[in-house]
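Visitor: Hi, can you walk me through this one? I'm new to reading structures.

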Amino acid sequence: MKNFLTSNNTLEIFYIIIGLFLLYYAYLTWKDKEHQAKIGTIIFWVILAILFIFGRWLPPSVSGVLVVIIAIDAGLGKIGKGKYFSTSKEFREKRRKELGNKLLIPILVISGMAILFAIIGWNPLIGLGFGSLIALVLNKFYIPKESLEHILDAGRSSSDAIGWALVLPPFLAALGALFNRAGVGQIIASWIQAIFPVENLFWAIFAYAFGMAIFTIIMGNAFAAFAVITSSIGIPIVIQMHGADPATIAVLAMTAGYCGTLLTPMAANFNIVPGALLEMKNKYRIIKIQATMAILIWVTHLLVMYIMAF
């Protein structure tokens with residue numbers, strides 16, 4: 001049992017299930033006579049389904065070509081929205097009053113299963129998969145008069161609203177690996193060292209925190225920035241040259257990097273996807289709102305690093 005709940009083969013089963021759902025989205029899109037961009041959207045869902053179902057066995061070059069086709073499809077604006085199943089406003093209001101906070105149970109089940117699996121020592125991604133399937137069944141009880149097709153069509157509505165941003169996180173993860181292989185981080189670190197007089201303690205801290213934020217803005221992920229900037233600026237300059245406490249400076253550098261997360265569309269799951277789900281007219285409005293606070297927090301990090309890490 002434990003092997004089943006921790007095995008990559010089990011995780012592969014969930015990837016295949018996701019692919020089958022995406023194929024069904026393509027089928028629903030094909031049936032949708034009012035869809036704004038039917039062909040492009042069907043291509044998007046079908047290719048994404050192929051990658052999820054057969055990705056393990058496809059040659060990397062074939063997967064790469066499929067990813068490029070998706071990018072072209074999205075770049076040409078061929079992914080759009082259609083007409084989806086929805087309950088009436090009166091029905092939703094009635095069920096909201098009947099269920100109250102119980103409406104949150106399916107959402108909590110998804111995250112709760114992932115956390116439970118992680119605590120036990122099983123694969124949390126598999127827990128996420130089981131949690132999602134349980135939540136899907138619970139949804140059927142929430143609106144018992146509706147069919148599973150209607151529930152899945154509501155899911156298609158959310159997925160179409162997110163659109164191309166849905167695949168941006170894994171794309172960025174691949175981009176991070178590519179940047180690391182290409183040595184982009186070392187190049188940026190050398191530029192920062194050339195610009196700032198890092199022999200001075202303040203400028204050394206500034207260069208470390210600035211490098212973390214800038215590289216996070218480029219990568220959309222502070223984890224990817226941390227390894228590169230810490231190995232090129234943090235350890236040799238801030239820790240070894242100026243004697244900073246490694247544990248304190250590293251933690252603060254990481255959170256300084258997250259200030260960059262608040263400022264970049266590359267962190268799509270934080271800054272773009274919520275805007276798409278809320279159907280905001282300006283998809284960059286979340287970043288604009290966060291910008292001032294992000295800069296203030298970053299400046300505060302400089303002061304805290306200067307005071308606490310030495």
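Visitor: Anything to know before we start?

Guide: This is a predicted model, where local features need pLDDT of at least 70, side-chain atom pairs count only at pLDDT 80 or more, and totals for chains, interfaces and linings use all residues. Residues are numbered from 1 along each chain as its sequence is written, and side-chain values use heavy atoms, with hydrogens and water left out.

Visitor: Okay, how many residues does helix H3 have?

Guide: H3 covers residues 38–54, so 17 residues, and spans 24 Å from its first C-alpha to its last, close to the 24 Å expected at 1.5 Å a residue. Helices here are DSSP runs of H or I with at least four residues, numbered from the N terminus, and the expected span is 1.5 Å times one less than the number of residues.

Visitor: Which residues of H3 are buried?

Guide: Among them are Phe44, Trp45, Ile47 and Leu48. Buried means under 20% relative accessible area, using a 1.4 Å probe and protein chains only.

Visitor: And what do they pack against?

Guide: The buried residues of H3 pack against helix H2 (8–31), helix H4 (60–75) and helix H8 (148–162).

Visitor: How do H3 and H4 sit relative to each other?

Guide: They pack at an angle of about 155°, with their axes 10 Å apart. The axes are lines fitted to C-alpha atoms over the stretch in contact, and angles run from 0 to 180 degrees between N-to-C directions. H3 and H4 are therefore roughly antiparallel, a label for angles over 145 degrees.

Visitor: Which residues meet there?

Guide: On the H3 side they include Phe44, Ile47 and Leu51, and on the H4 side Leu66, Val67 and Ile70. Contact means heavy atoms within 4.5 Å.

Visitor: Let's switch to H8. What covers its buried residues?

Guide: The cover includes H2, H3, helix H7 (124–142) and helix H15 (273–277).

Visitor: At what angle do H7 and H8 cross?

Guide: Their axes cross at roughly 115° and come within 10 Å. Leu136, Asn139 and Lys140 of H7 touch Leu148, Ile151 and Leu152 of H8.

Visitor: New topic: where is Thr87, and is it buried or exposed?

Guide: Thr87 lies in the loop between H4 and helix H5 (89–99). Thr87 counts as buried because its relative accessibility is 17%.

Technical notes
Helices (H or I, at least four residues) and strands (E, at least two) are DSSP runs, numbered from the N terminus. Buried means under 20% relative accessible area, exposed over 50%, partly exposed in between (1.4 Å probe, protein chains only). Angles under 35 degrees count as roughly parallel, over 145 as roughly antiparallel, 65 to 115 as roughly perpendicular and the rest as oblique.
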